[in-house]
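Subject: Structure handover

Dear colleague,

I am passing on to you the structure that follows, together with some notes on what was found in it. Please look it over before reading on.

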Amino acid sequence: MSTVELTAPSPAPSRPGILRVLRRPTARVGAFIVAAFLLLTVIAPEIAPYDPYDQDFGAALQAPSFDHFFGTDQYGRDELSRVLYGTRTALLSILVADGIALFLGTMLGLIAGFYGKWVDTAAMRLVDVLLAFPYLLLAMIIVAALGPSLFHSMIAIGIVATPVYARVIRGQVLAVRTTEFVLAARAIGGSAMRIMLRHVLPNSFTPILVMATLQAGTVVVETAGLSFLGMGAQPPSPDWGSVLAEGQGYFLTSWWIATFPGLAIFLVVLGFNLLGDALRDHFDPRRRKE
Amino acid sequence: MTQYIIRRIIQLAFVLVGVSVVVFFTLHVLPGDVAQMLLGDRATTEQVARLRHDLGLDQPIYVQYFRFAADALDGDFGMSLHSSHPAFTDVWDAFPVTIQLSLAALFVAVAGGVPMGVLAAVWPHSRFDNTVMTVTLFGVSMPIFWLGLMLILVFGATLDWLPIGSLMPIGMEPPRVTGMSVVDSVLSGQLNLVGLSLYHLILPACTLGTIPMALITRITRSEMLSMRAQDHVRTARAKGLSEPRVVLKHVLRNALIPVVTVIGLQLGLLLSGAVLTETIFSLPGLGRLLINAILDRDYPVVQAAALLTAFVFVVVNLVVDLSYAYLDPRIRYK
C-alpha cells in the first residue's frame, strides 16, 4: 500500500526579487558601502601597510603622509592599519550581537505570537521590562555584571536588542498564524514546533531581514560606544571605539587620531541604514507607493 | 480615559517590579564575593563571613531581593564603596546635570527638527528637501561620541568659539540650589552667570540633540506629507484658505500628534546619549557617575543609578502614552 505524504500548502512566495531593491540610488550606495566593508574585513591583513599593534615611538603622532596615510597615534602605531583591522571587530560584533538578538528575539516572538494567551502575556511583559531601560544603560549593567570585555559587550548588546526583534516577529506571527496554510498544517496534525519552524518562520522572513540589516549599523555604533567608555574592547585592540578612546587625550593637537576611526563607524552605519531603509521600503507596499 | 490611566499605572507597577528584579539579579551573578571585595585580599575567612552575615549575603537570594526592594522604596541602596556617601545621595546629586543636558538637547532637537521637517514637507522633492533629508540621514548614522569630539575639535580647539568642557568656568559656579547650572545661575540673579552657563551648555546640547533632531525632522516631514493628502486639507484649500493657514492650522496641527509622541520617546535616546556626552565633555552627571561606578565596581551606586534612570524613563513613557491617548481617542478604546 502506498502512503501519501500530506503536507500543508505553504503560500507561493510572491515577494519581489531582492535585487530589485538596488534600483534605488540610495540602496546602491548603501550596498556598495556594506560590500566594501565586508571585503575589507577579508583583505585587511593583505592591504594594511603595517601591523596594527606595532609601536614605533620615533614616529608617534605623525600627521597623515605618504608613509602613514591616516597618520600615527601616540605610540607610533599606523592609524590606517588599525582602522582596517577594526573592520574585523565591527563584523564580529554584528555576527555575535546581532546573531544573539536575532536568535533570542525570534524565538521569543515566535513562541509568544504562536501560543498566545499567558505565554504571550509573560513574554511581552519581559520585553516591556527590557525596554524600560535606556538601551545603553542596560548594556552597561550587563557588562558590569560580566566584566568589561569585547565579547561581554557583544552579549550585552545582543540582549538589549532582543526585544526589538521579539516585538516585530510576534506581530508577524500574529498575522500569519490564522492564515489558511497554517490552519491546514494544524489540521493535518503538524506539531507546534514543525508549524512554527516550517510554516510560520519562513513567512516572517522579510521583517527579520530588514530588522537585521538596520540593527547591524546600531550594533556597530553601540559596540564602539561601549569600547569608547572602556567597557568593551580593551587596549591595544584595534577596535574603532577603543582607538577613539585611546586617542581622546591627543586629538586636540592631532586631529587624525579621532577623525578616521569615527569616520569608519559613520560610513558603516550609514551603509547599513541606507540598505535597511531601502529593504524596508521595498517590502512594504505602503512605503513603496510613497 | 480614567480606566485607561488606571490600567497603564498598574502595568507600570509591574514593569517597575520587573526592572528591580533585573537590576538586582543581574548584579548578583557577579563573579567574586562582594564581602571579600570590600575587605580586600588580606581579610581572614572569619572577617569575610561576619561581613557577609552583616550585609545579609548569607540569606537566601529571594530574601535578599525583598530586602533590597524594601530598602530601595525608602531610597536606601547602601553606602557608595567609592565616596562613602549614601549611594542614592551621590546619584541624586548627579541627576540634575543629566536632566538639564537632556532637556537642553531636546530643546535643540525640537527647535531645529520641527521647522526643518515642516519646510521640507512644504517644498517636497525640492533642493531644500533633498538637502534636509541627506543631512538628517547623516545625522541618524552619526556616532554621538565621534560627533562630540569633532565639534570640540572644530568649535572649541580650532575656531575657539565655544568652551569644550565642564558646566561653568572654575570658581564661577553659582550657589547650588537645584544642581542645574542654568537654573541655579538664574536663581542667583547674576546675568553673567546665566550667560556663562548657557554658553557652556551649547556644545554638549548640540552633540546630544543631533540624532533626535534628525529623527524629529524626518517624522515631521513624513507626517506632514501624509496629512497634506487628507480630505479635510483639500476641503480647506477648496474653501479658499491661504496656503500658510492651511499648512499651520490644518496640516501641522494634526501632523504634530505623532510627532509629540516621537519627541517624548526621545528621552531614552537622550539618557543613553547623555552617558557618552557627559564623558566627552567631562560633565559631572549620572552617566559619568555610572561609568565610574561600574569601572570601580561600586554596585550600590550602579543599582541606584540604574533604578532611578529606569524609573524616570518608564514614567516619561507613561506620560507620553497618556498624552497620546488624550489626543487620539482611538488609542484608549483599543
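This is a predicted model: local features need pLDDT of at least 70, side-chain atom pairs count only at pLDDT 80 or more; totals for chains, interfaces and linings use all residues.

For chain B the mean pLDDT is 86, with 96% of its residues at 70 or more. Among the elements of that chain, the highest mean pLDDT, 93, belongs to helix α5 (residues 87–122) of chain B, whereas the lowest, 62, belongs to helix α14 (residues 329–332) of chain B.

The C-alpha trace of chain A spans about 80 × 45 × 45 Å along its principal axes, and of the 290 residues in the chain 49% count as buried.

Helix α2 (residues 79–115) of chain A and helix α10 (residues 256–283) of chain A have axes that come within 10 Å and cross at roughly 30°, and the crossing of α2(A) and α10(A) is right-handed. On the side of α2(A), the residues that take part are A:Glu79, A:Val83, A:Gly86 and A:Ala90, and they meet A:Trp256, A:Ile257, A:Phe260, A:Pro261, A:Ala264 and A:Val268 in α10(A). Sorted by class, this contact of α2(A) with α10(A) consists of eight nonpolar residues, one polar and one charged.

Where the two chains touch, 38 residues of chain B are in contact with 34 residues of chain A. On the chain B side, the elements that give two or more residues are α1 (2–28), α6 (127–141), α7 (144–158), α11 (243–280), α12 (286–295) and α13 of chain B, and among these α1(B) gives the most, with eight residues. By class, the side of chain B that touches chain A holds 31 nonpolar and seven polar residues, and no charged ones.

A helix pair that reaches across the two chains deserves a separate look. The axes of helix α4 (residues 135–146) of chain A and helix α13 (residues 299–327) of chain B come within 11 Å and cross at roughly 160°; since angles over 145 degrees count as roughly antiparallel, α4(A) and α13(B) are therefore roughly antiparallel to each other. Their crossing is left-handed. In this contact α4(A) supplies A:Leu137, A:Ile141 and A:Ala144, while α13(B) supplies B:Val302, B:Ala306 and B:Thr309; by class, these residues of α4(A) and α13(B) are five nonpolar, one polar and no charged.

Finally, a word on B:Glu243, which lies in helix α11 of chain B. Is B:Glu243 buried or exposed? Because a residue counts as exposed with 12 or fewer other C-beta atoms within 10 Å of its own, and B:Glu243 has 10 C-beta neighbours inside 10 Å, B:Glu243 counts as exposed. Between B:Glu243 and B:Leu208 there are 35 residues in sequence and, from C-alpha to C-alpha, 35 Å in space.

With best wishes

Conventions
Residues are numbered from 1 along each chain as its sequence is written. Chains are lettered from A and ligands numbered from 1 in the order in which they are written. pLDDT is the predictor's confidence in each residue, from 0 to 100. Helices (H or I, at least four residues) and strands (E, at least two) are DSSP runs, numbered from the N terminus. Axes are lines fitted to C-alpha atoms, for helices over the stretch in contact, and angles run from 0 to 180 degrees between N-to-C directions. Angles under 35 degrees count as roughly parallel, over 145 as roughly antiparallel, 65 to 115 as roughly perpendicular and the rest as oblique. A crossing is left-handed if the near helix is turned anticlockwise from the far one by less than a right angle, and right-handed if clockwise. Two residues are in contact if their C-beta atoms, placed from the backbone, lie within 7 Å. Ala, Val, Leu, Ile, Met, Phe, Trp, Tyr, Cys and Pro count as nonpolar, Asp, Glu, Lys and Arg as charged, and the others, Gly among them, as polar. A residue is buried if 20 or more other C-beta atoms lie within 10 Å of its own, exposed if 12 or fewer, and partly exposed in between; C-beta atoms are placed from the backbone.
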